[in-house]
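Here are a few exercises to work through with the model open on your screen. Try each task before you read its solution.

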Amino acid sequence: FDVIIIGGGPGGYVCAIRAAQLGLKTACIESRGTLGGTCLNVGCIPSKSLLNLSENYRKAKKDFNNQGIEISDIKLNIKKMMFNKDKSVQVLTKGVEFLFKKNKITYFKGKGVLVSENDVIVYEKSDPAKRTNIKAKNIVIATGSFPTSLPGIEIDEKNIVSSTGALTFSEVPRDLVVIGGGYIGLEMGSVWSRLGSNVTVVEYLDFITPGMDREISNEFKKILTKQGINFKLNNKVTSVKNEKNKVVVEFINNKNDSKEKLECDKVLVSVGRKPYTEGLNLSKIGIKKDSKGRIEVNEKLQTSIKNIYAIGDVIKGPMLAHKAEEEGIAVAEILAGQSGHVNYDVIPGVIYTSPEVATVGKTEEELKTENINYKVGKFPFLANSRAKVN
Ligand code: FAD
């Protein structure tokens, strides 16, 4: 092949399609069994499906009667809702597989392991004893990331779950504790709060959504509180334990050392994600990682081995699907002799709650720290006629 891509998420599959479109003989290896990576299978897409469906439910239950749409006896059918979410995922992952066929990309279903600068072994998913050796001029690592936990807290994906488990609850938890007030915790917290859970977010910092302007973060917290989400800010979780039919979460206040305990049915641990490089054989072939476990790349996305590139969540930068996709396109273009590049200053970030919250570029706090002159412009959404009508 001209290029082998390891990982079929937004970084890998977009890179594969662009490389094939530019005339490169392309292979993509994916171990999951379906294409689309974290984003399509257990991330962006199923979470956005549940955000949409739960928002419809909330509106029907809370808003419709006041709006002159009189309906009664609104019931939640969680099984059907989950079926709809799964169906969306299935259609979209199959859609990527169709695009692979259309663009004549060779798709290997299995785990890719690097053996040299040009050689990869694929251990087939259906039978890991079965191996295929493949060779390419260039290799792209797009193996993504996985959810992390806190020391001593074990995710069982039953009662103590990561975002993956929180996308598949078979009933609405009466009490849900979310550890971490980042975008994944707040999106999933909103879903279950709208469906009837009593949601409490425990956050180590004294504000939510780190990485956003503090002013936005404060306003956003007020809105979510009004919607019924409870916040315990400035608290460090010290233990999470399964006890009989309950989970007990203990935390300690960072300011006054006071201890608190919450009993709940489910705990969502959403404290971040780590780059996934397990079993790739990186150190053996000399690919360097930084102190956070991310593969080191230069501005052309080359690793410490020139013909091996890395993109997406497995390298530095925001862990976002569109960032991974842009890097995938840039690498494909570089390999085809063009001048692909990514402008890291203009990557937007969106939290798909209600209202949705979006940012792009530096925060006001960053501008202050970097001593950059700036002007503040504000316009209240409620003064916009369309927004007011809605
Ligand atoms: P991934 O999508 O993680 O794909 C990597 C793939 O590589 C995986 O499928 C894995 O199975 C495969 N793989 C790993 N090792 C091997 C190997 N050795 N051989 C073969 N295959 C291998 N981002 C947004 O932009 N917007 C959102 O709204 C959004 N919502 C999210 C919601 C949740 C709940 C989560 C968890 C994430 C969300 N994200 C969102 C983040 C987004 O999913 C990631 O940034 C994106 O998927 C990263 O793409 P990637 O291609 O780098 O990695």
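Two residues are in contact here when heavy atoms of theirs lie within 4.5 Å. Keep in mind that this is a predicted model.

**Exercise 1.** Find S217 and work out which residues it is in contact with, leaving aside its neighbours within four places in sequence.

*Solution.* Start with helix α7, residues 214–226, where S217 is found. Now apply the contact cut-off of 4.5 Å: S217 touches F207, I208 and T209. Next, check the accessibility. Buried means under 20% relative accessible area, so S217, at 1%, counts as buried.

**Exercise 2.** Which charged residues sit over the rings of F207 and F1?

*Solution.* Take F207 to begin with: R214 lies over its face, 3.6 Å from the ring centre. Then go to F1, where the charged end of K25 sits over the ring at 4.6 Å from its centre.

**Exercise 3.** How many aromatic pairs does the structure hold? Describe the pair F100 and Y107, then the pair F146 and Y276.

*Solution.* There are four aromatic pairs. F100 and Y107 make an edge-to-face pair, with 6.0 Å centre to centre and 90° between the planes. Both F100 and Y107 are buried. F146 and Y276 are edge-to-face too, at 6.1 Å centre to centre and 80° between the planes. This pair links distant parts of the chain, 130 residues apart: F146 is in strand β7, and Y276 is in the loop between β16 and α8.

Notes:
Residues numbered from 1 in each chain as written. Predicted model: local features only at pLDDT ≥ 70, side-chain atom pairs only at ≥ 80, totals over all residues. Heavy atoms only, no water. Helix = DSSP H or I, 4+ residues; strand = E, 2+ residues; numbered from the N terminus. Buried < 20%, exposed > 50% of the residue type's maximum accessible area, 1.4 Å probe, protein only. Phe/Tyr/Trp six-rings, centres within 6.5 Å; stacked < 30°, edge-to-face > 60°. Lys NZ or Arg CZ within 6 Å of the ring centre and 35° of its normal.
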